[in-house]
Amino acid sequence: MAGIKRGSSEEVEPPAPQASRHFPMKTIVSALSACIAAYVALVYAQETSSTEGGPLQLPPQSVFLDPRSFAVLAGDASFRDSSFSQFFNPTLTELPFFQIFDKQFLSVLGPNPSFHQVASNETFAFAHEAPIYNKPTDEVFFASNDGGPLGMSDLNHNSKVGKISMKDVETALAKNESNINVHVTELDLPDTIQMTNGGTGPYKGNLLFITSGRGPRPPSIALVNPVSPHNVTVLLDNYLGRQFNSLNDIKVHPSGKIFFTDVTYGFLNQFRSAPLMPNQVYRFDPDTSAVRVVATDFDKCNGIAFTADGKTAYIADTGATAGFLGNNQTEPATIYAFDVDQRTQAFTNRRVFAYADTGVPDGVQVDANGNVYAGCGDGVNVWNDEGTLIGKFFIGTTSSNMVFAGDGRLVIMAETKIFVAKIMAKEIPPLFP
């Protein structure tokens with residue numbers, strides 16, 4: 001039976017039991033961490049950190065947590081009470097790090113991954129959603145928090161769209177600087193872009209943004225030129241004359257059709273009027289502009305993604321968080337999988353794919369091997385295509401989304417921070433660049 005092990009290849013003793021020590025709530029779970037640390041220390045002392053295939057060689061900045069080492073915590077243990085304020089970091093590892101639950105995660109990371117914070121602004125949630133990597137300019141675009149904490153946006157103020165240069169990031173990383181904070185450039189966009197919340201692309205040379213709208217200004221799907229003057233073309237802003245609630249996330253299917261989610265967060269964050277329709281997933285045909293519903297009956301549908309072949313769709317339901325109504329961890333924090341009907345493209349055969357243990361799964365991405373990534377309350381969680389949690393990009397704070405900046409570079413949005421992980425995993429390349 002395996003316990004815990006730290007990277008690189010050397011085994012490191014787990015922390016000793018510390019039953020009387022207390023740690024900040026937003027960093028770790030104090031009593032639970034001490035309990036688990038004590039338990040895995042005992043396991044580690046009795047048995048080696050090996051797997052059925054021999055000793056496990058871990059890359060730098062990583063910790064292996066065999067699920068068998070914490071499956072039973074004993075009757076008098078202190079357990080997590082909150083999925084929003086308490087994290088599962090029993091090793092008390094310094095942030096950021098790779099938390100490995102299954103050997104399969106090593107194929108995502110590769111032998112020599114790295115993990116760094118590259119931008120920060122503690123007073124402004126500038127890096128919330130809508131990350132898009134534009135290869136021709138080697139830039140990552142993103143949007144600030146729309147209506148949430150530190151977003152500086154509300155009924156009377158629009159959110160911001162910004163970008164960073166990955167060339168600047170690579171230059172800073174090459175210098176091995178300890179405190180990297182690359183420049184964030186804000187885009188000056190027209191008023192047709194209100195509360196940007198999702199994005200994908202490039203799509204036919206443009207950024208494909210989806211907006212939540214603000215006040216009477218409608219939610220929309222829009223093309224934005226990644227190069228100044230960033231001219232905008234709105235593709236859709238209504239459903240047969242009715243405004244959407246507050247559009248949330250968007251992806252392009254291999255067929256060329258555009259799929260998106262609509263949810264009530266604009267109302268719940270108090271910058272949109274009361275909802276007019278259910279929370280649903282829609283299909284937009286860019287050739288005919290026809291729109292129709294492909295999935296419904298969600299609490300709060302959020303992130304969306306497809307497998308490379310387009311046969312499976314993933315939808316995140318973030319019902320556990322509800323704006324001014326607060327959090328309720330008995331509501332969904334769940335990713336559902338669907339079959340995509342080959343003829344109608346309706347989402348069928350709904351089933352539970354994964355349930356996030358911390359926060360809610362927000363933005364969703366899929367890599368070339370079919371692994372599913374979601375921004376959650378402690379960072380980016382990764383499941384294999386069967387729905388088994390194999391690892392986390394653990395940052396100790398909320399990540400709402402992430403994007404591959406080409407093969408082997410994962411750029412993680414973390415509200416007031418941006419992280420970059422250099423890994424082995426490959427992206428699903430843009431289908432209509």
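A word on the source. This is a predicted model, where local features need pLDDT of at least 70 and side-chain atom pairs count only at pLDDT 80 or more, while totals for chains, interfaces and linings use all residues. Residues are numbered from 1 along each chain as its sequence is written, and side-chain values use heavy atoms, with hydrogens and water left out.

Back to the sheet. It is open, with four strands in the order β7-β8-β9-β10 and antiparallel pairing. At the edges sit β7 and β10 (185-186), each pairing on one side only. Between β7 and β8 there are four bridges, and the two run antiparallel. Two strands pair if DSSP finds at least two bridges between them. Strands (E, at least two residues) and helices (H or I, at least four) are DSSP runs, numbered from the N terminus.

Now salt bridges. The rule is a side-chain nitrogen of Lys or Arg within 4 Å of a carboxyl oxygen of Asp or Glu. The count is 11.

Which residue forms a salt bridge with Asp138? Arg409 does, with the closest N and O atoms 3.1 Å apart. Arg409 lies in strand β28 (409-413) and Asp138 in the loop between β7 (129-134) and β8 (139-143), so the pair ties together parts 271 residues apart in sequence. Arg409 is buried, at 11% relative accessibility. Buried means under 20% relative accessible area, exposed over 50%, partly exposed in between (1.4 Å probe, protein chains only).

Next, Asp357 and Lys392. Their side chains meet at 2.7 Å, N to O. Asp357 is in the loop between β22 (347-355) and β23 (364-366), and Lys392 is in strand β26 (389-394), so this pair ties together parts 35 residues apart in sequence. Asp357 is partly exposed at 25%. Lys392 is buried at 1%.

Last pair: Asp66 and Arg68, with the closest N and O atoms 2.6 Å apart in their salt bridge. Asp66 is buried at 6%, whereas Arg68 is partly exposed at 45%.
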